[in-house]
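Let's take a walk through this fold together, one region at a time. Keep the viewer open beside you as you read.

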Amino acid sequence: MTGAGVPGDGPLGRVFLGRVIEPGDEVGGRWVREFGVREVVWRLRDGGDRLPGVSGTRWAGLVARAERAEPERDLALARAAGARFVAPGDGEWPRQLDDLGDARPLGLWVRGRPGLRMWALRSVAVVGARACTEYGTHVAATLAAGLAERGWVVVSGGAYGIDGAAHRGALAARGATVAVLACGVDQPYPRGHAALIGRIAEQGLVVGELPPGDHPTPSRFILRNRVIAALTRGTVVVEAARRSGSLATARAAQRLGRFTMGVPGPVTSALSAGVHELLRDEATLVTDAAEVVELVGDMGDLAPPRRGPVLPRDLLEPAARCVLAALPAGRAAPVEEIARGARTSRDEAIARLYELRALGYVERHGDGWKLTRQAVISVRGGRPPR
């Protein structure tokens with residue numbers, strides 16, 4: 001049975017439970033799955049029997065929170081802030097969040113015009129340290145801009161450091177970005193990012209599990225990270241110390257079967273130690289947006305091959321390269337010595353030497369042959385001779 005006036009299985013009941021049950025509470029999620037929203041709300045609000053899995057003390061605390069829940073007021077506050085509530089089963093609900101099982105959000109508060117479900121289908125998380133270096137800021141912004149230019153949505157947590165750099169990089173490229181907050185979407189946090197989060201809400205999406213007016217706590221930041229991991233196709237960690245919260249996002253992505261990637265940093269930097277540990281585990285090393293898209297994108301989205309610059313000597317025939325390599329750098333050498341070094345005949349060596357002279361690599365000195373200055377620089381890989 002249910003009491004009169006109790007919110008039913010629609011959004012109102014889930015908004016009510018969002019004031020009572022903390023994000024990621026798997027016990028509460030199991031209640032909703034096994035008993036339904038209406039039954040759970042009724043037991044909490046109207047004094048029904050205690051649900052299984054919690055102590056009497058814990059149940060009393062939940063009932064006390066239920067007494068203060070005002071779902072209609074939360075919806076009104078959300079509307080005033082330009083936000084909406086998206087629940088599982090709605091057309092805008094990203095179904096990949098269902099992979100979280102009983103830790104799935106009861107619903108999400110969303111600020112911004114685009115549809116969350118469609119944006120999440122082609123999204124990548126870019127996360128990392130708050131106290132990042134200039135290197136980390138540059139890499140995160142460049143990576144995010146590259147992803148945005150390729151039509152990918154950049155998802156991050158709106159925090160200082162790497163998160164902020166990723167959001168700004170995507171916005172600078174006029175791309176799409178989503179900030180997943182550990183507080184109410186009407187309470188931008190950190191305060192120093194109020195303007196940035198406002199801009200994201202205008203050009204992208206601001207998302208959160210917590211109802212309007214709620215503030216973040218350390219545990220809520222960690223629990224928020226599971227949403228970032230589940231929402232996206234993959235997570236890239238740019239800079240992270242060994243105890244960084246961004247590693248929790250990467251590990252959640254690994255558990256969910258998402259792609260996990262890391263951008264390496266200096267081996268002497270403590271802020272990259274967590275990323276390097278991740279790379280030693282099961283993460284994939286990436287250095288730019290093309291390599292990220294190669295992993296998370298569709299078949300055929302391959303990163304361009306990496307190679308060094310093509311030098312003039314690379315265009316020589318193999319036999320000519322062998323003769324060129326056989327000439328000593330600082331003196332003239334007779335043909336016999338050059339032929340032995342190139343493992344060829346005297347006549348072949350002479351033919352190749354004349355070919356190399358025509359190209360400006362060697363010059364004749366009496367009965368010997370010597371490298372020109374151009375050839376010395378080429379053989380040493382572009383470095384001038386000492």
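**A guided walk through the fold**

The axes of helix 1 (residues 11-18) and helix 5 (residues 71-80) come within 8 Å of each other, crossing at roughly 95 degrees. Helix 1 and helix 5 are therefore roughly perpendicular. On the helix 1 side the contact is made by Leu12, Val15 and Phe16, and on the helix 5 side by Pro71, Glu72, Asp74 and Leu75. Sorted by class, these are five nonpolar residues, no polar ones and two charged ones. Please bear in mind along the way that this is a predicted model.

Strands of a sheet pair through backbone hydrogen bonds, in either a parallel or an antiparallel way. For a parallel example, look at strand 4 (residues 153-156) and strand 5, which are joined over three bridges. Here valine 155 stands opposite valine 178 in strand 5.

What lies across this part of the sheet? Within helix 9 (residues 194-203), the buried residues are Leu196, Ile197, Ile200 and Ala201. Viewed down the helix 9 axis, these buried residues fall within an arc of 140 degrees, so they line one face of the helix. The spacing makes sense in general terms: an α-helix has 3.6 residues a turn, so residues three or four places apart point the same way. The cover over the buried residues of helix 9 includes strand 2 (108-111), helix 8 (162-172), strand 5 (177-181) and strand 6 (205-208). On the face turned away from the buried side, helix 9 carries the exposed residues Ala195 and Glu202.

The loops around here deserve a look too. Which residues does leucine 210 touch, once its neighbours within four places in sequence are left aside? Leucine 210 sits in the loop between strand 6 and helix 10 (218-231), and its contacts are Pro23, Trp109, Ala182, Cys183, Gly184 and Arg220. Leucine 210 is buried, with a relative accessible area of 4%. Phenylalanine 259 is 49 residues from leucine 210 along the chain, and the C-alpha atoms of the two are separated by 27 Å.

Most residues other than glycine have a negative phi, and most peptide bonds are trans. The peptide bond from tyrosine 189 to proline 190, however, is cis, with omega near 0 degrees. Proline 190 belongs to the loop between strand 5 and helix 9. Arginine 174, although not a glycine, has a positive phi of about 60 degrees. Arginine 174 is found in the loop between helix 8 and strand 5, where this residue is exposed with a relative accessible area of 81%. Arginine 343 is another non-glycine residue with a positive phi, in this case near 55 degrees. With a relative accessible area of 74%, arginine 343 is exposed.

Arginine 343 also leads us onward, as its place is in the loop between helix 15 and helix 16. Helix 15 (residues 335-342) and helix 16 (residues 346-358) pack at an angle of about 100 degrees, and their axes are 9 Å apart. That makes helix 15 roughly perpendicular to helix 16. Val335, Glu336, Ile338 and Ala339 of helix 15 meet Arg346, Ala349, Ile350 and Leu353 of helix 16. The residues of this contact divide into six nonpolar, no polar and two charged.

Our last stop is an open sheet of three strands, with antiparallel pairing and the order 10-12-11. Its edge strands are strand 10 (333-334) and strand 11, each of which pairs on one side only. Four bridges join strand 11 (residues 362-365) to strand 12 (residues 368-371). Along this pairing, glutamate 363 has lysine 370 as its bridge partner in strand 12, while histidine 365 stands opposite glycine 368. The hairpin of strand 11 and strand 12 has two residues between the strands, and glycine 366 takes a positive phi near 65 degrees there. Helix 16 lies across both strand 11 and strand 12, running at about 115 degrees to strand 11.

Conventions
Residues are numbered from 1 along each chain as its sequence is written. This is a predicted model: local features need pLDDT of at least 70, side-chain atom pairs count only at pLDDT 80 or more; totals for chains, interfaces and linings use all residues. Side-chain values use heavy atoms; hydrogens and water are left out. Two strands pair if DSSP finds at least two bridges between them. Axes are lines fitted to C-alpha atoms, for helices over the stretch in contact, and angles run from 0 to 180 degrees between N-to-C directions. Angles under 35 degrees count as roughly parallel, over 145 as roughly antiparallel, 65 to 115 as roughly perpendicular and the rest as oblique. Contact means heavy atoms within 4.5 Å. Ala, Val, Leu, Ile, Met, Phe, Trp, Tyr, Cys and Pro count as nonpolar, Asp, Glu, Lys and Arg as charged, and the others, Gly among them, as polar. Buried means under 20% relative accessible area, exposed over 50%, partly exposed in between (1.4 Å probe, protein chains only). The arc is that of the directions from the helix axis to the C-beta atoms.
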